[in-house]
Amino acid sequence: MDERSEVNQADAWERSYWSWEVLFAVAYVATAVLVLVNDGSAATKIVSEAALGAIAAGYLAVGRRVVHGEDNGTARVVAAVALIALTATAILATTAASFVLFLACPLLFMLLELRPAVAATTLLILLEPVSAVLNGGWDNQLLSVLLPMTAILIVFSVLAGKFTSDVLQQSRARAELIRELESSQAEVARLSREAGTAAERERLAREIHDTLAQGFTSIITLTQAIESELDTDLSTVRKHLALAGRTARENLAEARAMVAALAPSDLATGSLPEAVRRQAERLSEEIGVPVEYEVDDLPTLPTAVEVVLLRAAQEALSNVRKHSGATFVRVRLSAVDGAIRLRVEDNGCGFAPDADGAGFGLRGMRSRAEQVGGTLEVRTGENGGTELELEVPA
């Protein structure tokens with residue numbers, strides 16, 4: 001549990017508990033002094049002072065811990081019974097000890113539920129007139145004053161006890177709520193970490209598919225071409241070897257950028273139009289078909305948007321290489337009505353709608369586009385072939 005949680009648990013009751021302990025100390029000292037200066041016998045003073053001392057010692061030794069503890073009903077009842085017995089002993093020994101009620105009554109409401117506490121405090125308050133009769137004899141004038149005061153004290157004690165009980169219940173409910181909130185926060189944090197881990201795995205899967213996997217596919221294609229041309233066309237073999245080496249180096253740069261969580265290496269060393277142009281030129285070199293590339297003047301774009309456009313271009317050209325059988329490809333980057341549009345067209349075999357959900361590439365492109373508020377559409381062109389159109393906010 002962190003420091004902030006501990007501060008939150010120090011609710012109003014805990015923060016103001018010191019004021020109760022000041023009241024306890026004042027009431028104890030005042031009662032002890034009153035008993036000491038009382039005109040009663042030495043024996044009754046000793047009994048009363050001993051009972052008062054036992055109350056103070058018991059509270060300091062175990063009472064505070066019991067009051068602050070939870071789910072310790074038996075200990076609370078035992079402490080309340082001991083407090084009642086010692087308080088009754090002190091009051092019955094000498095009426096001057098009745099001042100101890102100012103600490104005993106609130107303490108009973110802290111230890112017991114409301115109804116038992118009301119009954120116990122009423123019993124203790126009624127001991128004051130009983131003690132007066134036992135120690136001083138029957139005095140109508142004294143009782144005419146003492147009995148109304150006793151009734152007022154009972155009412156006051158019940159009302160004050162009710163308030164104390166309500167505060168304690170609210171404090172415990174608040175502490176329980178704080179514990180539940182902390183538990184919920186811990187669960188939310190755990191789920192958030194799991195969701196973040198899943199999202200990061202998906203991101204890495206897209207990155208690997210859009211960069212390393214495509215690069216390795218290009219290298220495999222070039223290697224197969226080299227094998228078929230090795231004995232017939234050495235100049236073409238050298239060209240393909242150079243292209244394979246360049247592709248391997250670019251793959252290595254992509255892997256390093258991915259590990260370092262940087263932008264794609266193509267964007268780190270140049271602009272988005274240049275990066276897309278290199279992808280188009282590479283495709284033309286690999287499969288030997290013309291690739292037409294057009295680009296408008298583009299505004300400065302956020303890195304996240306540039307990454308989406310570049311990855312979409314890479315995936316679209318990779319699909320042309322692997323699936324289309326095209327003899328002509330056109331790539332166009334344009335600014336349209338506050339958005340950037342990437343269009344990749346070919347004259348190959350066309351787009352099969354069922355393939356939209358079959359491969360990871362198109363799902364990854366669509367997911368990337370949605371992350372930046374863009375849209376992706378893949379369709380068969382009017383004259384055959386495939387058209388991919390990605391539009392993202394500028």
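**Salt bridges and surface**

Modeller: Start with arginine 343: its relative accessible area is 27%, so it is partly exposed. Partly exposed sits between buried (under 20% relative accessible area) and exposed (over 50%), with a 1.4 Å probe and protein chains only. This is a predicted model, where local features need pLDDT of at least 70, side-chain atom pairs count only at pLDDT 80 or more, and totals for chains, interfaces and linings use all residues. Residues are numbered from 1 along each chain as its sequence is written, and side-chain values use heavy atoms, leaving out hydrogens and water.

Biologist: Which residue forms a salt bridge with arginine 343?

Modeller: Glutamate 389, with the closest N and O atoms 2.2 Å apart. A salt bridge here is a side-chain nitrogen of Lys or Arg within 4 Å of a carboxyl oxygen of Asp or Glu.

Biologist: Is glutamate 389 buried or exposed?

Modeller: Buried, at 14% relative accessible area.

Biologist: Which residues are linked in the network of salt bridges?

Modeller: Arg343, Glu377, Arg379, Glu387 and Glu389.

Biologist: How many salt bridges in the whole structure?

Modeller: The search finds 12. One of them pairs arginine 330 with glutamate 292, closest N and O atoms 3.0 Å apart. Arginine 330 lies in strand β2 (residues 329-336) and glutamate 292 in strand β1 (residues 291-295), so the pair ties together parts 38 residues apart in sequence.

Biologist: New topic. What about lysine 45, buried with no salt bridge?

Modeller: Its nearest side chain of opposite charge is aspartate 39, 6.2 Å away. Lys and Arg count as positive, Asp and Glu as negative; His and the chain ends are not counted. Lysine 45 is in helix α4 (residues 42-68).

Biologist: What does lysine 45 touch?

Modeller: Leaving aside residues up to four places away in sequence, Val35, Leu36, Val37, Asn38 and Gly40. Contact means heavy atoms within 4.5 Å.

Biologist: And which residues make the nonpolar surface patch?

Modeller: Val29, Val33, Leu34, Leu36, Val37, Phe99 and Phe102, about 640 Å². Helix α3 (residues 17-37) gives the most, five residues. Patches take residues with over 30% relative accessible area and no salt bridge, joining like charges within 9 Å and nonpolar side chains (Val, Leu, Ile, Met, Phe, Trp, Tyr) within 5 Å. Areas come from the Shrake-Rupley method with a 1.4 Å probe; for residues, only the protein chains shown count as cover.

Definitions and conventions:
Helix = DSSP H or I, 4+ residues; strand = E, 2+ residues; numbered from the N terminus.
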